[in-house]
Amino acid sequence: MYIKTLSIKEFQEYTQNSKYNNFHQSINYAFLKSEEGYEYELIGYVDNEKIYAAALVLVQLLNGYLYAYVPEGFLIDYNNYELLENFTNDLYNWYKKDGITFIRINPRIPIAKVDLNTLNPIYNNNFKLIESLKKCGYIKIDDTLYFDSILPRFDAIINLNDFNIMKVNKNTRNKIKKSIRKGLNFEKSNSQSMNILYKFIKNKIHKDMFHYSDYYNIFSKDNAVDYFLVSIDNEKLILNTQKAYEKELEKNELLNQKILKLPSNKNINKKMNSDKALLSYKNDIAIANKYILKNEKTYIAGALVIKYGNTITILISGYDKKFKDYSPNYYLYYNILMNYKNEYKYACLNGVSGDFSKENKYYGLNKFKMGFNPDIYEYIGEFDLVLNKINYYFLNKKNLINKEFKKDK
């Protein structure tokens with residue numbers, strides 16, 4: 001067997017049939033990264049014109065030294081140790097001559113599934129692949145429970161085949177129902193309105209708006225991306241809120257009568273909560289009327305979704321914190337999942353923290369995504385294949401590799 005450069009056609013034909021395929025190992029992702037200054041190469045491991053492994057390899061300069069990055073790892077049977085070992089040896093020689101210092105991989109290999117009752121990982125047979133990679137010469141990078149690496153090590157995956165509102169937990173279900181009552185709308189958009197989404201995400205990412213416009217424009221050529229926005233239908237909001245207000249007002253008057261007869265703490269608390277609800281409904285009506293008078297459409301959430309193979313991935317999402325009480329993020333995710341339910345098999349919610357404690361600063365994010373009752377997987381992590389030990393040592397000593405592969409980068 002030998003390594004060769006693949007044509008785009010050869011690469012796409014192989015990836016379409018690989019069970020390890022993913023959108024990070026696609027020609028569209030190669031085009032995206034080339035816009036960011038990376039060189040890319042499509043390689044295959046071939047014998048008698050049959051391809052046994054393939055990879056999109058990104059090449060970049062770091063402090064004057066070249067390195068290579070294979071996002072989500074090689075498209076290879078990692079359980080075939082002989083194939084992996086031979087491929088690695090030939091890969092070493094292939095890139096050594098080009099002056100590459102190291103090759104970073106982060107295969108999307110699930111080594112554990114998190115028990116949602118105990119929140120402990122249950123490891124599977126893929127765990128042994130860590131030792132296989134080490135025997136082939138790869139160095140295991142220290143694992144993190146948080147979002148420090150370029151791609152998340154823990155992910156939330158939903159099986160869309162049997163997804164429905166009764167599959168989510170009670171709190172999430174109530175949030176979704178509340179958002180529907182608030183008169184929210186779910187609609188498709190395009191890159192011309194990317195500034196709307198960017199308003200919701202700019203404080204939590206280190207990318208500019210054009211990064212996501214490029215994502216949309218490149219992947220849309222193959223109909224591999226959708227851009228969704230959530231807006232408020234103010235007329236629907238007023239209609240729904242008036243009905244809710246009238247119903248709550250009846251309840252409030254009954255509570256007044258109860259308190260006169262039995263002024264217990266329980267009844268007083270119920271009355272106070274009812275008063276708060278009435279005030280909230282009045283505020284909603286006032287806000288809706290204001291936007292109707294301005295003839296202004298109010299967008300409060302948005303998301304980019306990548307479609308590849310049998311999986312959709314919520315690449316990035318955000319919402320306007322001023323409208324948190326409308327639960328727009330719950331409405332957004334629920335409608336995304338329902339939108340693809342009959343067309344795709346899996347939905348990737350794009351990362352959770354591996355620290356499930358309440359003290360974790362990502363606890364709110366974990367709680368939100370886990371409210372949709374996904375399966376939580378832990379992946380194998382990051383590995384480096386070192387081709388030039390001296391240069392690699394220098395880059396590590398300066399902490400440059402660690403900085404280069406931070407998520408923020």
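## Aromatic contacts

Tyr67, Tyr69, Phe102, Tyr392 and Phe405 make up one aromatic cluster. Rings of Phe, Tyr and Trp (its six-membered ring) are paired if their centres lie within 6.5 Å; planes under 30 degrees apart count as stacked, over 60 as edge-to-face, and the rest as tilted. The model is predicted: local features need pLDDT of at least 70 and side-chain atom pairs count only at pLDDT 80 or more, while totals for chains, interfaces and linings use all residues. Residues are numbered from 1 along each chain as its sequence is written, and side-chain values use heavy atoms, with hydrogens and water left out.

Across the whole structure, a search finds 27 aromatic pairs. One of them joins Phe23 and Tyr29, which are edge-to-face at 6.3 Å centre to centre, with 80 degrees between the planes. Both Phe23 and Tyr29 are buried, where buried means under 20% relative accessible area, exposed over 50% and partly exposed in between (1.4 Å probe, protein chains only).

The pair Tyr69 and Phe405 is also edge-to-face, because the ring centres are 5.5 Å apart and the planes stand at 75 degrees. Tyr69 belongs to strand E4 (residues 65-70) and Phe405 to the segment after helix H13 (400-404), so this pair ties together parts that are 336 residues apart in sequence. Tyr69 is buried, with a relative accessible area of 5%; Phe405 is buried at 4%.

## Charges over rings

Lys97 places its charged end over the ring of Trp94, 4.7 Å from the ring centre. The charged end of Lys321 sits over the ring of Tyr319, at 4.4 Å from its centre. The criterion is NZ of Lys or CZ of Arg within 6 Å of the ring centre and within 35 degrees of the ring normal.

## The sheet

An open sheet of nine strands has the order E7-E6-E15-E9-E14-E13-E12-E11-E10, with mixed pairing. Strands E7 (121-123) and E10 (184-189) are at the edges with a single partner strand each, so one side of each has no neighbour in the sheet. The twist from one strand to the next averages 30 degrees. Helices (H or I, at least four residues) and strands (E, at least two) are DSSP runs, numbered from the N terminus; two strands pair if DSSP finds at least two bridges between them.

Strand E9 (residues 154-159) and strand E15 (residues 375-379) run antiparallel and are joined by four bridges. Ile157 stands opposite Asp375 in E15.

## The helix across the sheet

Helix H10 (residues 328-340) lies across E9, E10, E11 (225-232), E12 (298-308), E13 (311-319) and E14 (346-348), and runs at about 35 degrees to E12. Axes are lines fitted to C-alpha atoms, for helices over the stretch in contact, and angles run from 0 to 180 degrees between N-to-C directions; contact means heavy atoms within 4.5 Å.
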